[in-house]
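Q: I would like to learn how to read a fold from its coordinates. Can we go through one together?

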Amino acid sequence: MTPLQFVNNAIGVPFTEFGREYDGWDCWGLVLKGYQDVFNISLQDFNYKSVEDYKSLVKNFDTRKNILWKSVEPDTFKIACIFRNHKVIHAGLYYENKILHCEKGIETCLERCDRLQIEGYYEPVILPATPI
């Protein structure tokens with residue numbers, strides 16, 4: 001699937017807490033599904049109790065600072081980490097100067113980058129498989 005096909009399929013998908021499929025997803029579910037469908041890459045899922053569980057969300061998003069994530073310039077389907085309540089607890093996918101994202105109360109949409117408080121853009125570091 002191309003990024004454009006994914007974007008077209010994703011727009012309008014409702015927010016569903018812990019959702020990971022086209023019938024509903026949260027912001028990280030959108031990112032997971034995008035990487036799976038466009039790049040055939042399975043990213044690590046987040047562990048949290050609810051979208052109001054800021055402490056766990058902050059901890060999950062702090063993984064972007066380790067060796068599994070690389071800070072990059074904005075480009076197609078790079079992961080945008082976004083501030084909410086002065087903490088990085090939201091994510092979306094960069095596409096043509098906009099961010100594809102969803103959150104509680106908002107179905108999946110494309111929003112201009114300048115309307116969001118973006119902390120940075122990231123991509124996963126794909127490590128080589130270890131021989132058995």
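The dialogue below takes up strands, a helix, backbone angles and aromatic rings in turn.

A: One caution before we start. This is a predicted model.

Q: Let us begin with strand β5, residues 87–95. Is β5 largely enclosed or exposed?

A: Count its buried residues; buried means under 20% relative accessible area. In β5, eight of the nine residues are buried, so the rest of the structure largely encloses the strand.

Q: Which strand do six bridges join to β5, and how do the two run?

A: Strand β4, residues 79–84, is joined to β5 by six bridges, and the two run antiparallel. For one partner pair, take Cys-81: its bridge partner in β5 is Ala-91.

Q: How many bridges join β5 to strand β6?

A: Three bridges join β5 to β6, residues 98–103, and this pair runs antiparallel. Tyr-95 stands opposite Lys-98 in β6.

Q: What do β5 and β6 form, and how many residues lie between them?

A: They form a hairpin with two residues between them. Glu-96, in the turn, has a positive phi of about 50°.

Q: Where is Phe-18 placed, and what is its phi?

A: Phe-18 is in the loop between α1 and β1 (20–21). Its phi is positive, about 70°, although Phe-18 is not a glycine. Phe-18 is partly exposed, with a relative accessible area of 40%.

Q: Now the helix. Which residues of α1 are buried?

A: First the general idea. An α-helix has 3.6 residues a turn, so residues three or four places apart point the same way. In α1, residues 3–10, the buried residues are Phe-6, Val-7 and Ala-10. Seen down the axis of α1, these buried residues fall within an arc of 100°, so they line one face of the helix.

Q: What do the buried residues of α1 pack against?

A: They pack against β2 (24–25), α2 (27–39), β5, β6 and β7 (106–112).

Q: On to the rings. How many aromatic pairs does the structure hold?

A: It holds nine aromatic pairs. One of them is Phe-6 with Phe-77, an edge-to-face pair with 5.8 Å centre to centre and 80° between the planes. Phe-6 lies in helix α1 and Phe-77 in the loop between β3 (69–72) and β4, so the pair ties together parts that are 71 residues apart in sequence. Both Phe-6 and Phe-77 are buried.

Q: Why is the pair of Phe-77 and Tyr-95 edge-to-face?

A: Read the angle between the planes; over 60 degrees counts as edge-to-face. The planes of Phe-77 and Tyr-95 are at 85° and the ring centres 6.4 Å apart, so the pair is edge-to-face. The pair links distant parts of the chain: Phe-77 is in the loop between β3 and β4, Tyr-95 is in strand β5, and they are 18 residues apart. Tyr-95 is buried, and so is Phe-77.

Q: Which residues form one aromatic cluster?

A: Phe-6, Tyr-22, Trp-25, Tyr-35, Phe-39, Phe-77 and Tyr-95 form one cluster.

Terms used: Residues numbered from 1 in each chain as written. Predicted model: local features only at pLDDT ≥ 70, side-chain atom pairs only at ≥ 80, totals over all residues. Heavy atoms only, no water. Buried < 20%, exposed > 50% of the residue type's maximum accessible area, 1.4 Å probe, protein only. Helix = DSSP H or I, 4+ residues; strand = E, 2+ residues; numbered from the N terminus. Pairing = 2+ DSSP bridges. Arc of directions from axis to C-beta. Contact = heavy atoms within 4.5 Å. Phe/Tyr/Trp six-rings, centres within 6.5 Å; stacked < 30°, edge-to-face > 60°.
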